[in-house]
Amino acid sequence: MNEQQFKDLKKVSAKSFNDQKALIKKVLAGRNVACQHCGTQIKAVLPDDNSTPGLYCAKGCTNIALDFVL
Ligand SMILES: [Zn+2]
């Protein structure tokens with residue numbers, strides 16, 4: 001991997017990280033957000049639900065762990 005590829009990669013991951021943060025904010029605010037892949041509603045699992053906190057769609061293609069924001 002050369003330097004330019006590395007810069008591009010950092011740009012992409014920063015963008016998707018910001019997208020994830022925006023998505024998390026919407027879901028935690030109680031908005032209905034559909035999965036971009038399958039179109040089912042994304043649901044938040046909170047720590048007191050006794051499972052891994054995160055955002056999950058019905059089919060599992062959206063699967064964002066929330067530990068980095070808690
Ligand atoms: Zn999905």
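Q: What makes the arrangement of the four donor atoms around the zinc ion tetrahedral?
A: The model is a predicted one. The four donor atoms subtend angles of 106 to 113° at the zinc ion. Four donors count as tetrahedral if all angles lie between 85 and 135 degrees, so the arrangement is tetrahedral. Ideal angles for four tetrahedral donors are 109.5 degrees.

Q: Which atoms coordinate the zinc ion, and how do you know that they are donors?
A: They are the SG atoms of Cys35, Cys38, Cys57 and Cys61, at 2.2 to 2.3 Å. An S atom within 2.8 Å of this metal is a donor, so these atoms qualify. Along the chain the donors follow the spacing C-x2-C-x18-C-x3-C.

Q: Why is Cys35 called buried?
A: Its relative accessible area is 4%. Buried means under 20%, so Cys35 is buried.

Q: Why does Cys61 count as partly exposed?
A: The relative accessibility of Cys61 is 40%. Partly exposed covers the range between the buried limit of 20% and the exposed limit of 50%, so Cys61 counts as partly exposed.

Q: Is Thr62 buried or exposed, and how do you know?
A: Thr62 has a relative accessible area of 9%. The cut-off for buried is under 20%, therefore Thr62 is buried. Thr62 lies in the loop between strand S2 (54-56) and strand S3 (63-65).

Q: Which residues does Thr62 touch, not counting residues up to four places away in sequence?
A: Thr62 touches Cys35, Ile42, Leu55, Tyr56 and Cys57. Two of these, Cys35 and Cys57, also coordinate the zinc ion.

Q: Why is Lys7 with Glu3 called a salt bridge?
A: The N to O distance between their side chains is 3.9 Å. A side-chain nitrogen of Lys within 4 Å of a carboxyl oxygen of Glu meets the rule, so the pair is a salt bridge. Lys7 and Glu3 both lie in helix H1, four residues apart, about one turn of the helix. At 43% relative accessible area Lys7 is partly exposed, whereas Glu3, at 59%, counts as exposed.

Q: How do you know that Asp8 forms a salt bridge with Lys11?
A: The closest N and O atoms of Asp8 and Lys11 are 3.9 Å apart. The limit is 4 Å, so the pair qualifies. These two residues also lie in helix H1, three residues apart, about one turn of the helix. Asp8 is partly exposed at 35%, and Lys11 is exposed at 58%.

Q: Why is Met1 called exposed?
A: Met1 has a relative accessible area of 73%. Exposed means over 50%, so Met1 is exposed. Met1 is found in the segment before H1. With Phe6 and Leu9, Met1 makes a nonpolar surface patch of about 360 Å².

Q: Why does Ser51 count as partly exposed?
A: Ser51 has 39% relative accessibility. This value falls between 20% and 50%, so Ser51 counts as partly exposed. Ser51 is in the loop between S1 and S2. Leaving aside neighbours within four places in sequence, Ser51 is in contact with Val45 and Leu46. From Cys35, Ser51 is 16 residues away in sequence and 21 Å away in space, C-alpha to C-alpha.

Terms used:
Residues numbered from 1 in each chain as written. Predicted model: local features only at pLDDT ≥ 70, side-chain atom pairs only at ≥ 80, totals over all residues. Heavy atoms only, no water. Buried < 20%, exposed > 50% of the residue type's maximum accessible area, 1.4 Å probe, protein only. Contact = heavy atoms within 4.5 Å. Donors = N, O, S within 2.8 Å, 3.2 Å for Na, K, Ca; no water. Tetrahedral: all angles 85-135°; square planar, octahedral: opposite > 155°, others 65-115°. Patch = residues over 30% accessible without salt bridge, like charges linked within 9 Å, V, L, I, M, F, W, Y side chains within 5 Å. Areas by Shrake-Rupley, 256 points an atom, 1.4 Å probe, with all protein chains shown as cover.
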